[in-house]
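Here are some notes to read alongside the structure, taking one point at a time. Please keep the view open and find each element as it is named.

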Amino acid sequence: MVTEGLDFTFLLLENYKKLKISEVELATIFVIRHFIDHGNPFVTADLLSLKMSLHVKEIDKILADLLEKGFIEYTTAGQKTVTTLKPLEEKLYREYQLTVSKEQKIESSKTAKEEIANIYGQFEKLLARPLSQAELARIREWVSNGFSDEQIVNALKEALTKGKKSLRSVDKILMSWEARDDIERDGMTSISEDWDKNLEETIRIAKTPWIDSKDE
């Protein structure tokens, strides 16, 4: 069903055309919802006709179409038959999820393009020349590998301080930073400490006199 915080009416109005629900079916769904919300769990064509201007036979056909399309369902609760809109709610929620996912991808893509454009501009400014297609591709690769625009630009600045103007030098610097971060994250420092302790123990053992002077 539609989760808490998501309005059924809003989602239905936003998506009924996409779900190929006609306006007559839409009105019928709203009246069904009205009856269910007001304590009438089993909604029939006769009951709907009390609130609608359509003939009972027309409403009956609409209910059959909604049932066939998988928008409504008749289930058993205890010993009673009830009408539920849960199938429709689930479809609306899936549409909502797809919409949110698409919007997030668009926003993410837009942000990435803005970041890359910013990097391009700073590189061309610092190098005092336009970038080649190969260089543009290399920068896009860095971004896709998770390097921030600040890291990439700082790597170029460091390369320039060393008199290096090629993107290969920038790449080496980024790789060295990544390796350093990996070492810090994986606790390689503690491994080095263990190695030092083991070395000290090895030296101590080597210096230990294994033959007592009294035994000589």
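**Notes on the fold and two of its contacts**

1. The protein, which is seen here as a predicted model, has a secondary structure that comes to nine helices and two strands. Followed along the sequence, these elements give the pattern α-α-α-α-β-β-α-α-α-α-α.

2. Of the 216 residues in the protein, 27% are buried, and the accessible surface comes to about 15200 Å², with 53% of that area belonging to carbon and sulfur atoms. Among the contacts with a separation of 6 or more, 50% are between residues 24 or more positions apart.

3. Helix H1 (residues 8-15) packs with helix H2 (residues 23-37) at an angle of about 170°, and their axes are 12 Å apart. Because angles over 145 degrees count as roughly antiparallel, H1 is described as roughly antiparallel to H2. On the H1 side the contact is made by Phe8, Thr9, Leu12 and Leu13, while H2 contributes Leu26, Ile29, Phe30 and Arg33. Sorted by class, the residues in this contact of H1 with H2 are six nonpolar, one polar and one charged.

4. The two strands deserve a separate look. Strand E1 (residues 73-77) and strand E2 (residues 80-84) run antiparallel and are joined by five bridges, and one of the pairings to look for is that of Thr76 with its bridge partner Thr81 in E2.

5. What lies between E1 and E2? The strands form a hairpin with two residues between them, and in the turn Gly78 has a positive phi of about 70°.

Key: Residues numbered from 1 in each chain as written. Predicted model: local features only at pLDDT ≥ 70, side-chain atom pairs only at ≥ 80, totals over all residues. Heavy atoms only, no water. Helix = DSSP H or I, 4+ residues; strand = E, 2+ residues; numbered from the N terminus. Buried < 20%, exposed > 50% of the residue type's maximum accessible area, 1.4 Å probe, protein only. Contact = heavy atoms within 4.5 Å. Areas by Shrake-Rupley, 256 points an atom, 1.4 Å probe, with all protein chains shown as cover. Axes fitted to C-alpha atoms, helices over the stretch in contact; angles between N-to-C directions. Parallel < 35°, antiparallel > 145°, perpendicular 65-115°, else oblique. Nonpolar A, V, L, I, M, F, W, Y, C, P; charged D, E, K, R; others polar. Pairing = 2+ DSSP bridges.
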